[in-house]
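Good morning, and thank you for coming. Please take a moment to look at the sequence and the model on the screen.

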Amino acid sequence: MIRGIGPVYAKKMVNEGYGYKLLFAHLGDFFLCGSRFFRRLVKDGKYLYGSNRGENDIVIYKIEGNGSLSLAGHVPCGGDWPRNFAIDPSGKFLLSGNQKSDQIAVLRINRKTGLPEDPLSQTAMKMPACLK
């Protein structure tokens, strides 16, 4: 996982029709996000969001002008095992599909910091796995 490895650079984004695959470089090595990490890029290109299933949090990276990523923070996902998440088209809300707690949490995104805030609501749903 990316957590705590230091400077990370976004080397290439590939739109695969259903979302972006982001290839990272760190110390000259290329790697993809691990299987316990799901990621989304905000449309304005300012932030990259990822879900850490074992940590039960959302990690946020700010995308700098030179393409480097700086850690903006980690916030709780509002449940257990964030299997998938989506950002609404306005970019104001992040919806976290928390598989093991059988619910979807809605978090407002702070427009200045890019960080999701405490859940506004939680809706029961059996093992949510894919949010669009």
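This is a predicted model: local features need pLDDT of at least 70, side-chain atom pairs count only at pLDDT 80 or more; totals for chains, interfaces and linings use all residues.

Residues are numbered from 1 along each chain as its sequence is written, and side-chain values use heavy atoms, leaving out hydrogens and water.

Strands here are DSSP runs of E with at least two residues, numbered from the N terminus, and two of them pair if DSSP finds at least two bridges between them. Strands β6 (residues 57–63) and β7 (residues 68–76) run antiparallel and are joined by seven bridges. Within this pairing, Tyr61 stands opposite Leu71 of β7. Four residues separate the two strands of the hairpin, and Gly67 in the turn has a positive phi of about 90°.

I turn to Lys43, in the loop between β4 (37–41) and β5 (47–52). Its relative accessibility is 77%, so Lys43 counts as exposed; the term requires over 50%, whereas buried means under 20%, with a 1.4 Å probe and protein chains only.

Finally, the aromatic residues. How many aromatic pairs does the structure hold? There is one. The ring centres of Tyr47 and Tyr49 lie 6.4 Å apart with planes at 50°, so this pair is tilted. Rings of Phe, Tyr and Trp (its six-membered ring) pair with centres within 6.5 Å; planes under 30 degrees apart are stacked, over 60 edge-to-face, and the rest tilted. Both Tyr47 and Tyr49 are buried.
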